[in-house]
Amino acid sequence: MDREQFYREIYDIVRAIPPGRVATYGQIASLAGRPLCSRMVGQALHRAPASSRLPCHRVVNSQGRTVPAWPEQKILLENEDVAFRSNGHVDMRRSRWNPETE
């Protein structure tokens with residue numbers, strides 16, 4: 001699979017994350033059939049054209065942390081009623097996307 005094809009697959013998965021839910025970089029990599037490529041998921045999202053209008057804000061790390069240099073991400077997630085814990089991380093038990101049941 002070439003990089004562009006991988007990126008397209010990642011973008012399709014991210015588009016499927018419903019409002020009010022989040023997915024992790026590793027989860028998206030696994031859904032794309034490349035479970036060891038979570039960093040490549042981050043690269044794909046970083047390189048996504050603005051015109052793609054991907055809901056990149058719905059992707060967090062495995063501990064539920066948002067992107068440190070993107071304070072708007074938390075605001076966007078709060079506007080979708082994503083649950084946060086007192087430490088500022090997404091409550092993954094309540095807000096993690098399960099594509100098999102949703």
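Cys 37 lies in the loop that links helix H2 (25–31) to helix H3 (38–46). This is a predicted model. Cys 37 has a relative accessible area of 14%. Buried means under 20%, so Cys 37 counts as buried. Leaving aside residues up to four places away in sequence, Cys 37 touches Phe 6 and Ala 29.

Phe 6 leads on to the packing of two helices. In H1, Phe 6, Tyr 7, Ile 10, Tyr 11 and Val 14 meet Met 40, Val 41, Gln 43, Ala 44 and Leu 45 of H3. The residues of this contact comprise 9 nonpolar, 1 polar and no charged. The axes of H1 and H3 are 10 Å apart and cross at an angle of about 85°. Angles of 65 to 115 degrees count as roughly perpendicular, so H1 is roughly perpendicular to H3.

The largest nonpolar core holds 20 residues, and Ile 10, Tyr 11, Val 14, Ile 28 and Leu 45 touch the most other members. Helix H1 (3–16), H2 and H3 each supply at least two residues of this core. H1 gives the most, with 6 residues.

Which residues does Ile 28 touch, not counting those up to four places away in sequence? They are Ile 10, Ile 13, Val 14, Ile 17, Ala 23, Val 41 and Val 59. There is also a second, separate core of 6 residues, with Val 22, Val 60, Val 90 and Met 92 among them.

Technical notes. Residues are numbered from 1 along each chain as its sequence is written. This is a predicted model: local features need pLDDT of at least 70, side-chain atom pairs count only at pLDDT 80 or more; totals for chains, interfaces and linings use all residues. Side-chain values use heavy atoms; hydrogens and water are left out. Helices (H or I, at least four residues) and strands (E, at least two) are DSSP runs, numbered from the N terminus. Buried means under 20% relative accessible area, exposed over 50%, partly exposed in between (1.4 Å probe, protein chains only). Contact means heavy atoms within 4.5 Å. A nonpolar core is a set of buried Ala, Val, Leu, Ile, Met, Phe, Trp, Tyr and Cys residues joined through side-chain atoms within 4.5 Å. Axes are lines fitted to C-alpha atoms, for helices over the stretch in contact, and angles run from 0 to 180 degrees between N-to-C directions. Angles under 35 degrees count as roughly parallel, over 145 as roughly antiparallel, 65 to 115 as roughly perpendicular and the rest as oblique. Ala, Val, Leu, Ile, Met, Phe, Trp, Tyr, Cys and Pro count as nonpolar, Asp, Glu, Lys and Arg as charged, and the others, Gly among them, as polar.
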